[in-house]
Amino acid sequence: MLEVPPSVEAERVITAVLADLRSGGHRGVVVDSPPGAGKSTLVVRAAVELAAAGEPLIIVAQTNEQVDDLIDRLARKAPELRIGRLSATDYRPTDRVTGHAGVRVAAKVTDLGGPAVIIGTAAKWATVTDGSWPWAIVDEAYQMRSDALLRVAARFERALFVGDPGQLDPFSTVETARWTGLTWDPMQSAVATLLRHNPDLPVHRLPVSWRLPASAAPVVAAAFYPFTGFRAGTGPADRALTLTEPGPGDPLDRTVEVAARTGWGLHELPARHTLRTDGEAAAACAELALRVLRRGAVAVSEQTPGGAPVTADRIAVGAAHRDQAAAIRARLGATGAGITVDTANRLQGREYDVTIVLHPLSGRRDATAFHLESGRLCVLASRHRHACLVVARAGIPELLDAHPSTERVHLDVPVKFPDGWEAHQTMLAHLGAAR
């Protein structure tokens, strides 16, 4: 039996999503997406189709970065479309917004001139008290808190919810235990609450990741999407990472070579309990990123069959905490000025050729819920198109065995999958072969 090509499989799902939208038979349609499956492409395509049918709509994103990115994509796809950028009064339009003549920016809906599509953050839409639209598209809906959805729900009649269920959950800086177990718990994602109260809504799942290579899709799917899964859009022979310059042959160099050959590299430091800002681990992350540059890495893919150099802007270093990111950034110096260094929360939704990850449990004495959260590791391990290099101190599997989950069990709280403990073990087992 012949396997269906990934493009055909993905198009079938997208066609089914758009058919549900056109039918108007449901007040909401949910689309689950693995990393790099084309969430933004689907949002843009759905927006263009709805607007072309004369259906004014709004798009609700979670950050200003996402809003500007969607505006740029939408304006390129349909230059004739009139787009409104709903923003705060102190917002300064980026080049992605000002570069399109059909985009108008304003702090009030009435000042946008009645465009076909209005895009803004959930926080900004929560301040709009007048007006309603036939359609809304909620982007990154799994990162939207349910109370944020409640504040904007009166603005639309039907909605398309698109998001990645495997990545970081909504978070809060205040204690939220008083609402745990309630059906209106604000810390549930917008999609979780929506489906809990409307279990008959159609749910579609995008089946292909166009970002992750064939070396990464199976392990990321097994660790973070155990019940739905997905496949890579490319085969093992479609992408390659070659090193054009010689190296010193030290352990860092060997980690880079293993990652270039297999797609994964584990640079393991000696077991030790450290401060959260581990200087040795931070230095290793920075040196690995610089080593990729010095070795003249060239990425061959379906987008660049002739190969393209992996420049600093195509490399990212991810960590769990801001102080760790700051330590890594300081060690990169002027040579690594163009390399992105940030936390998982801020790297979410972004894409690079090569990523370096400081493992959240490296050097720790305990395994807290924050560091065990599967979504954090999922984000860090799924940003790359070619290779991911992980820096970690030895002893993490033993740490996990010594610290089984001790979180309180609450009644009426849906069980979250995948379990963070199991997801970490699955990733570590795979990385063991790339040590």
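The model they belong to is a predicted one, where local features need pLDDT of at least 70, side-chain atom pairs count only at pLDDT 80 or more, and totals for chains, interfaces and linings use all residues. Residues are numbered from 1 along each chain as its sequence is written, and side-chain values use heavy atoms, with hydrogens and water left out.

**Two helices side by side**

- H8 covers residues 217-224 and H16 covers residues 420-431; they pack at about 155 degrees, with axes 8 Å apart. Helices (H or I, at least four residues) and strands (E, at least two) are DSSP runs, numbered from the N terminus.
- For these values, axes are lines fitted to C-alpha atoms, for helices over the stretch in contact, and angles run from 0 to 180 degrees between N-to-C directions.
- On the H8 side, the touching residues are Val219, Ala222, Ala223 and Phe224, and they meet Ala423, Thr426, Met427 and His430 of H16. Contact here means heavy atoms within 4.5 Å.

**Salt bridges**

- Searching the whole structure turns up 26 salt bridges, each one a side-chain nitrogen of Lys or Arg within 4 Å of a carboxyl oxygen of Asp or Glu.
- Arg231 and Glu9 make one of them, at 2.7 Å from N to O. This pair ties together distant parts of the chain, with Arg231 in strand E10 (residues 231-232) and Glu9 in helix H1 (residues 6-23), 222 residues apart.
- Glu9 is partly exposed at 26% relative accessible area. The scale runs like this: buried is under 20%, exposed is over 50%, and partly exposed is in between (1.4 Å probe, protein chains only).
- Glu49 pairs with Arg22, their closest N and O atoms being 2.9 Å apart. Here too, distant parts of the chain are linked: Glu49 is in helix H2 (residues 39-52) and Arg22 in helix H1, 27 residues apart.
- Within that pair, Glu49 is partly exposed at 30% relative accessibility, while Arg22 is exposed at 57%.
- Arg76 and Asp72 also form a salt bridge, at 3.0 Å from N to O. They sit four residues apart in helix H3 (residues 64-77), so about one helical turn separates them.
- Arg76 is exposed at 61% relative accessibility, but Asp72 is buried at 12%.
- Shared partners join Asp250, Asp253, Glu257, Glu287, Arg291, Arg294 and Arg295 into one salt-bridge network.

- Glu140 has a positive phi of about 50 degrees, although it is not a glycine. Most residues other than glycine have a negative phi.
- You'll find Glu140 in the loop between strand E6 (133-139) and helix H6 (146-152), where it is buried at 8% relative accessible area.
- Gln167 lies in the loop between strand E7 (156-163) and helix H7 (190-197), and it is buried at 5% relative accessibility.
- Leaving out residues up to four places away in sequence, Gln167 touches several others, including Pro35, Gln143, Tyr225 and Arg383.

**An annotated stretch**

- An unreviewed UniProt entry carries the annotation "domain: DNA2/NAM7 helicase-like C-terminal" for residues 310-393. Positions follow the numbering used here, feature names are shortened, and annotations may be inferred rather than shown by experiment.
- In the model, residues 310-393 are 31% helix and 31% strand, with end C-alpha atoms 27 Å apart.
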